[in-house]
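Okay, everyone, thanks for coming. Let me put the thing up on the screen and then just talk through it.

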Amino acid sequence: MSSETTTGATQPARPDVERLHLAGLHAPTDAVLSVRDLNVRFNSENGAVHAVRGVDFDLMPGKTLGIVGESGSGKSVTSLAIMGLLPPTAEVSGSVRLNGRELLGLSDKEMCKYRGNDLAMVFQDPLSSLTPVFTVGTQIVEALTIHHPGMSRAAKEARAVELLAMVGIPSPKDRLKAFPHEFSGGMRQRVMIAIAIANNPRVLIADEPTTALDVTIQAQVLEVLHTAQEETGAAVVMITHDLGVVAGMADDIMVMYAGKPVETGAVDDIYYNPRMPYTMGLLGAVPRVDVAEKSSLVPIEGMPPNLLHAPTGCSFAPRCPLASDACLDGEPALAPVGGEAGHAAACIKSGSLGGSVDVHEVFAAPPVPVSRFDAIPREERSTVLELTDVRKHFPLTRGALIKRRIGTVKAVDGLSFDIREGECFSIVGESGSGKTTTLLEIMEFHPDQDGEVVIGGLSNKQAADTKTKARMRRELQMVFQDPTGALDPRFTVYEVLAEPLQNAGMDRGAIRKRIMELMQLVGLQPDHVNRFPNQFSGGQRQRIGIARALAVNPKLVVLDEPVSALDVSVQAGVINLLDHLRAELGLSYLLVAHDLSVVRHISNRVAVMYLGKIVEIGAVDRVFDNPRHPYTRALLSAIPVPDPQLERTRERIILQGDLPSPLQAPKGCNFATRCPVFAALPPAGQEKCLTLEPPLEPASAGTDQQFACFFPDGELDEDMLVAHEPADQHAP
Amino acid sequence: MLKYLAKRGITYVVMIFLTTSAGYFLAVSSLKPALLEQERIPRPTPEQVANSMRLKGLDPDLNPWERYVDWLTGILTRWDWGRSPNGAYINAEFGDRVWISTRLFLASIILTLVIGVALGVYSAARQYKFQDRVITSYSYLAYIVPAPIAYFLVQLGAININETVGERIFFVTGISTPGLAPGWAQFVDMLAHYVVPTVAITLVGWGAYQIAQRQYLLDNVNADFVRTARAKGLTRNQAIARHALRVSFIPVAQSIAFTIPAIFAGGFFAEKIFAWPGVGSWSIDAISLQDVNAATATLAYGSVIFALGAILADFATTLVDPRVRVQ
Amino acid sequence: MTNLNAVDPATVAQDAHLEHADVVIGKTTIIFRRFLRNKTAVAGLAIFLALTVFSFIGGFFTQWDKETIDPFNIGMPPSADHYLGTSQAGIDLYAMTVEGTRISILIGLVVGLVSVLIAAVYGCTMAYFGGKVDKVMLFILEALIMMPALLVVAVATSGGGEGLKRNLPSWLLLIIVLLVFSWMGTARLIRSMSMSLMQRDFVKAAQYMGVPPRRIVWRHLVPNIGSLLILDITRGVTAAILAEVAFSFIGIGIKVPDVSLGVLIGGATSQVQTFPWMFWVPLTVMFLLTGSLAMMNDGLRDAFDPSSSSTGKAKKAKARKTTVEKKMA
Ligand SMILES: Nc1ncnc2c1ncn2[C@@H]1O[C@H](COP(=O)(O)OP(=O)(O)O)[C@@H](O)[C@H]1O
Ligand code: SF4
Ligand code: SF4
Ligand SMILES: [Mg+2]
């Protein structure tokens, strides 16, 4: 397993000039992009932030380099430094060569010759990355005009149409005149890619291009990037914090921590043979959607270091379970390990790591918690929440003075499920499938609701008086998606946690005691109660939110995307905490998430929602291992797994387009417009799907799995299946 | 879009009607022209006064509601806004004065906007540099000076210039020198009359636009889409000029709604101080002359200006922001 | 997290520590300290307080008052007897400035405070009830914005001889009229702010906890709008002082025999060439007043910003924007 692309400078620290000189001499002449000793400092009021500290890599034509690391590790700054897009306050040193030409030190004007031409970039947030006041066409044409002033108008327009078609935008000719706000996030990211590849770049940098998108859309966009790379032959730098995303597409990986590459090497070496505790931790922190085996996730405690001060030892030491005194003695340099070509790690103990070392042992991952309910069969446990045929329809009106009802949005359409004591029930689906509305219907206790919600034996129909409501409220509490927005910025943690307790009528002494308990319970330092939320990290804030939900000892906690705003390493800690709390306190969870791997990790049962309806429901292992509904299959297939060999070979279902607007929902099966089975059906079968609504029916006797599809075993349409040719140099 | 504008238009018509009616009631119950008439020499008898008032449709013996109905009927059926205590017809007087005021404001509005926005862009481009600090400090200063005092200071300055030069370069009051033959001389005369008030209004008005435009542009220079534009191969300045600037106009366009009435309000002071016989000074004179109909008419005019400003702002916003086009 | 259940000896100590309530909450102190850290703001506050004190006790330093005419000194420049000289009518200018400052501050404070109060009640009512109530109230509000306030002031203070006006001093009348026309912008801002706050997750969290609406308004909405309210008070005070000066200057606000800074400035315009001090002294006082308020406003904004750690440039710039928006509104 050798890689043509080499990453990482292997020399130990030497004086910069000498290093650069050597680097210049030794840089492979055929590298399209070669970066040496890249350093970026920002001068802030508090001193210089050393955001990037010595990044080296060579990128060969047509290859893909993945840069991974937590947020704040300097990935974006590295890419912006290469593009020359850092603010003037940034101090950049080192060398960046594009086809042998030095880019650092060029003026903004000189850089413009390369930017958008040989060197292109796709940014993270597609919603804000396009100018709102210009049409998509104008913005694509602009990219052409800048580098080909002589091109005729018609030629440019033709090329723009071609590009839009290439990135998979239907009826591209008409869409040229559309404004960005008329496009969904996924479509806008496609436009961004179209702009980036407009001039056939040699190097394409993608900075977290799919982080803001739904999984199905992420799969589409990654596919588009793949096509784009094939069409243009560009080398790609793929930046992400999600190890799954790069597993399948990268040739090489560079793991960054605190502005420095801490491990580099060929993708298989990094994933199967990590030699640095941080890399091992990152890999162990990711839950897997494809394995049933329950093991705790590896949490990486603590926070990345402050880059204001130059580290005197290994910068990972404060969080590293293997840290010893020797680690604090100077920062370890990136050194070759294990005899694999190009594999290097910055750890003094890398020699003893790798291969058979179990990351769970290294990081002392907590044992899988066992709940006292686990032993009791589900049917014998009491029900904490039951929904029967819950519906929420929004009338859609048009007209200014006289409102006309032009249709109904069936946000939630006949939902029934129950949650038993001690179990975690999850709802998954794309955004817009009605998950949040379902939660709201449960939380708001409308007595005149269509359908019934029974919480701890009390129905929402009875919830007319405040006393009943108060009793129901105590049974269930909620944790929100955005940990920042869910905490009043003007409340100290103490006040945040005291609020539900005061509301429950506790006296001051009891409140104090309970707050201390809660802080411990969620793993926060009790002496932090006087701090304001903005003094905590995202993961800590989410713990505060969890503590608040637990304050009044509810039976059921409703979790709305509780970890989607968090970094993987932090996410692992919160997931472990949730797991632990469920076992220890006998809680039940209703979890809404779009990340199926998280769901698989912590749930017992799962429901898959599409356009307001449950299309498949059952025990999580059953549903995920043996999905029957085509939508479940597509969702599962959209999740990238952090396993390069599997990723490279597996066949994926790529759903076409976005979730249709609920208005356009077909009469028969909701999913028909995007269904890969439907597309391959003979006309008679299609007719059935289009006219009849498939009922939710049990899959087979003996399981509680149910699904709503007429043709669960139908063939999948070829066009929606994608399998990449396994790249030969990776062949085992 | 047209439907939307029409709807807004109807709302404003209702509002204008209501504010004008409220204004009429306020005026009719607090302005008593008869009392003033009574002071005339030779002193007329109360009967004579009442009689003359009745003839002009200002019968002091009717109650406010009756007078309101009469007044409204006049407007709705004959577009007749009534008469002043001295017998003049509001419609005729109004026509002349609106034209004078409009001439005064039009130049000022355009200059205020153009200079304010231009300086905003200029100072944003030189953020924290000397020029920016000077310009922005000036704008903050303009914020704490009452408009009439600023006008007065400009007037003083003009007088000083005249005195220093020893010749009358600027006219600090009035709109024209009577008796000039049409032609070049009259044009120069007109300019000399216009310069001081226009400069005064503009100097005071641009501050708010400068600060706003500067801030909106600065909010946008580091926007993601500017970065995208640079990534395409535009220099920073090109990217800002082509992308950020256009976006930063959106909030400024929205604020036009408030410029026009603000300048109009400033116009009251300006007309008073520079002795221009426009609607503003008329309204104040009318009030001191206890002229109910004139006061109400100017009030209605003010409301109309406000509504026009708001509609214009809607229009300008749709022009620069495609997101509001598809309602 | 790994030591989730470990008994932490520090906790026990912490428990005892927390018995003292003062350890737990000190937000007012934090805000106060942040304000004090801002030198400009403190200077502004000092100037404003000094002027206020001056306006109350300044009169004791001279034997003259605002009514007594000194027949031997008419239109005199400053002298030992008349610190700031005398007016054309022979009235001591110093005495009049003291009195005028007091009236101006009075107008500013009353209008600033009461209009924000009206705005808060009106805005919160709109946001709380929403729907039809909101629509109607918004219509009234916009109609009031459309009224040219200046004309109404002129009509109301033009002394046509109605009973109300005869019995009220002109400054009180001016206060009432200014109040009627000064609260709408703030009310609209408060409405939109409370509406967006109602959508925030932390308000939802409180709702889902079963916290009664009254308490949510009081504990979450009011403090989060509170800083805006205080900022609006300083802004309202400035605006009212400016409005008084502007109106009195052209003779439609405060009328003699009442004095105010506007009356003094306006009265001196005709002799600005001959008796410049009569014009510049009250004008300087007005600048000091409005300037000090503007300086305070800046410091207050920083102090209230929960995300501000110090006075970074970026933050100031962001905060400025809100001022400007308000100003243009
Ligand atoms: N313009 C800037 N000024 C000062 N510090 C910055 C700036 N941009 C980024 N940083 C700092 O650089 C570090 C690396 O950030 P970044 O590259 O965005 O991380 P990543 O992309 O890996 O999440 C962070 O500590 C961040 O705070
Ligand atoms: S050098 Fe030491 S502290 Fe750093 S990663 Fe290796 S073992 Fe951990
Ligand atoms: S019923 Fe038909 S359209 Fe619906 S999911 Fe099954 S195969 Fe697809
Ligand atoms: Mg980043």
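So, A:Asp37 sits in strand β1 of chain A, residues 33-44. Phi at A:Asp37 is near 45°, which is a positive value in a residue other than glycine. Is A:Asp37 buried or exposed? A:Asp37 is buried, because its relative accessible area is 7% and the cut-off for buried is under 20%, with exposed over 50% and partly exposed in between, using a 1.4 Å probe and protein chains only.

Quick housekeeping before I go on. This is a predicted model, where local features need pLDDT of at least 70 and side-chain atom pairs count only at pLDDT 80 or more, while totals for chains, interfaces and linings use all residues. Residues are numbered from 1 along each chain as its sequence is written, chains are lettered from A and ligands numbered from 1 in the order in which they are written, and side-chain values use heavy atoms, with hydrogens and water left out.

There's another positive phi over in chain B. B:Gln290 has phi near 60°, again in a residue other than glycine. That one is in a loop, between α11 (279-288) and α12 (292-320) of chain B, and B:Gln290 is buried too, at 5% relative accessible area.

A:Asn99 is in the loop between β4 (90-98) and β5 (101-102). At 40% relative accessible area, A:Asn99 is partly exposed. What does A:Asn99 touch, if we skip residues up to four places away in sequence? The list is A:Ala31, A:Val32 and A:Arg202, where a contact means heavy atoms within 4.5 Å.

A:Asp643 counts as buried, because its relative accessibility is 17%. With residues up to four places away left out, A:Asp643 touches A:Ala247, A:Tyr271, A:Tyr272 and A:Arg288.

Now the ligands. Around ligand 1 we have A:Phe42, A:Ala51, A:Glu70, A:Ser71, A:Gly72, A:Ser73, A:Gly74, A:Lys75, A:Ser76, A:Val77 and A:Pro87; to be in that shell, a residue needs a heavy atom within 4 Å of the molecule. Which element gives the most to that shell? Helix α2 of chain A, residues 75-83, does, with three residues. By class, the shell around ligand 1 splits into four nonpolar, five polar and two charged. For the record, Ala, Val, Leu, Ile, Met, Phe, Trp, Tyr, Cys and Pro count as nonpolar, Asp, Glu, Lys and Arg as charged, and the others, Gly among them, as polar.

Look at the backbone here. A polar backbone atom of A:Ser73 is 3.2 Å from an oxygen atom of ligand 1. For A:Lys75, a backbone N or O atom is 2.8 Å from a ligand 1 oxygen, and for A:Val77 a polar backbone atom also comes in at 2.8 Å from an oxygen of ligand 1. On its own, ligand 1 exposes 560 Å², and the protein buries 65% of that, with accessible areas from the Shrake-Rupley method and a 1.4 Å probe, where for residues only the protein chains shown count as cover.

Ligand 3 has a shell of 13 residues, and the closest are A:Cys669, A:Cys675, A:Cys689, A:Cys709 and A:Phe710. That shell divides into 12 nonpolar, one polar and no charged.

Chain B has 12 helices and zero strands, and chain C has 15 helices and zero strands. Of the 327 residues in chain B, 53% are buried; for chain C, 53% of 329 count as buried. Where they meet, the contact takes 52 residues from chain B and 46 from chain C. The buried area between them is about 4400 Å², and carbon and sulfur atoms give 80% of it; that's the accessible area (1.4 Å probe) the two parts lose on being put together, summed over both. On the chain B side, B:Met15, B:Tyr143 and B:Ile144 supply 16% of the area chain B buries against chain C, more than any other three residues.

Definitions and conventions: Polar contact = N/O pair within 3.5 Å; in protein donor to acceptor, adjacent residues only side chain to side chain. Helix = DSSP H or I, 4+ residues; strand = E, 2+ residues; numbered from the N terminus.
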